[in-house]
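Hi,

Here is the structure I promised to pass on.

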Amino acid sequence: MMPTRQGSFRLFRLWGIDVHLHWSWFVVALYSISTRIPNYASPVWGVLEYLALFLIVLMHEFGHSLASRSVGGQSDQIVLWPLGGVAYVNPPPRPGATLWSIAAGPLVNVVLLPVLFALWYLDHLQGWRTASQDLHAFIRAVLIIDVSLLVFNLLPIYPLDGGQILRSLLWYPLGKARSLMAATLIGFVGGVALIGVAMWETSLWLGILAVFLLSNCWRSFQVARVLRRMEQLPRRPEFACPVCQASPPIGNYWRCRQCGQAFDMFATAAVCPHCGASHETVTCPDCGNAKSLHAWDVTLRDV
Ligand SMILES: [Zn+2]
Ligand SMILES: [Zn+2]
Ligand SMILES: [Zn+2]
C-alpha cells in the first residue's frame, strides 16, 4: 500500500529525480483546500496554504533523495500523495548511510524554521498585520505546518522518519535484523497509540494514517524476521561477497538459471548438479549483487 508510478503522472524532473503526483492527491486537495478557505478573507490564500504544505513536503523528500545520493545510494523518484510524499531511496546497507538519508528529511524542516520565524517576525515588525490579515494568517499557518510535519515525522513509529532514525541508531549495537525488529515492535506500540489518539480526536484522517503505518510496520517486521533467520544460517567463512563482505550461507539457496532447481553454488563451484549448467556469477543472498565465484574466494585475495 505505497503509491507508485502507477496512478501518478510526472510533474517535473529536477537533479535527475522524477517528481510524480498521485491522482488521489486532487481529491484530498479539494477537500483540504475547502477546509482552509474559511480562515481567509480571500479564498486564494487557502489554495496557497495547501500548495505551501506540499512545497514543504517536497523539499523534505528532496532532502532524503539528495542525502541518499551523497552516500552513494540510488534515488530517482519522489511521489506526492495525500498522506504526504514518498522518496524512493536506496542508501547503501550501512547504519551511518541509512541514518543520514533518513535524518536529512526532517533536517529540511529544521532549516526552514528560522526562515519562517524571521518572516513571521518581520510581519509583526512591518505592521503587515494591519496591511493584510490574510498574509499574516498565511505565514502563521505555514509555520504551524512546518512544525507539525517535523514533530509528526519524528514520532518513533516505523516507517516514519523517527522510527527509521531509531532503527539506524539501534543498528550499531543490535545489527541489521534485530534493530529492524526492535524498531518495528516500538512502531506497533506507537501505531496503536496513534489509533487511540485518532479515536479520541475522532479524526478519520489520523485513523487512516495510523492503519497505513501499522500495515507498513507489520510488513517490515516480517522482513526483520527473514533477515534474522538469514543471519542465523551457518556460513562459509572461506568465501565473502566482494560487495557487502557477508559470507554465503551453507545450503541450497540458489536457483539454476537453466533448469530452475535449487542448489548450493559454493558446494559445486557454481555448476548445477541437476543439469550441469555452469554459472558465470553468483548472486549474494544478502545484498543481491552478482559476482564471479573467483571474486567471492577470500583465500585468493591479497591482504
Ligand atoms: Zn521523511
Ligand atoms: Zn540446472
Ligand atoms: Zn553481498
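The C-alpha centres of domain 2 and domain 3 are 33 Å apart. Keep in mind that this is a predicted model. The chain is split into domain 1 (1–154), domain 2 (156–232) and domain 3 (234–303).

Along the principal axes, the C-alpha atoms fill a box of roughly 80 × 40 × 35 Å. Of the 303 residues, 32% are buried. If you take the contacts between residues at least 6 apart in sequence, 52% of them join residues at least 24 apart.

Now zoom in on the start of the chain. Strand β1 (residues 8–14) pairs with strand β2 (residues 17–22) in the antiparallel sense, over six bridges. Look for F9, which sits opposite L21 in β2. The hairpin of β1 and β2 has two residues between the strands, and W15 there takes a positive phi near 50 degrees.

Then jump to T281, in the loop between β6 (262–263) and β7 (282–283). Leaving aside residues up to four places away in sequence, T281 touches A290, K291 and S292. With S292, 11 residues apart from T281 along the chain, the C-alpha separation is 4.2 Å.

Cheers

Note on methods
Residues are numbered from 1 along each chain as its sequence is written. Chains are lettered from A and ligands numbered from 1 in the order in which they are written. This is a predicted model: local features need pLDDT of at least 70, side-chain atom pairs count only at pLDDT 80 or more; totals for chains, interfaces and linings use all residues. Helices (H or I, at least four residues) and strands (E, at least two) are DSSP runs, numbered from the N terminus. Two residues are in contact if their C-beta atoms, placed from the backbone, lie within 7 Å. Two strands pair if DSSP finds at least two bridges between them. Domain bounds come from an automatic or database domain assignment. A residue is buried if 20 or more other C-beta atoms lie within 10 Å of its own, exposed if 12 or fewer, and partly exposed in between; C-beta atoms are placed from the backbone.
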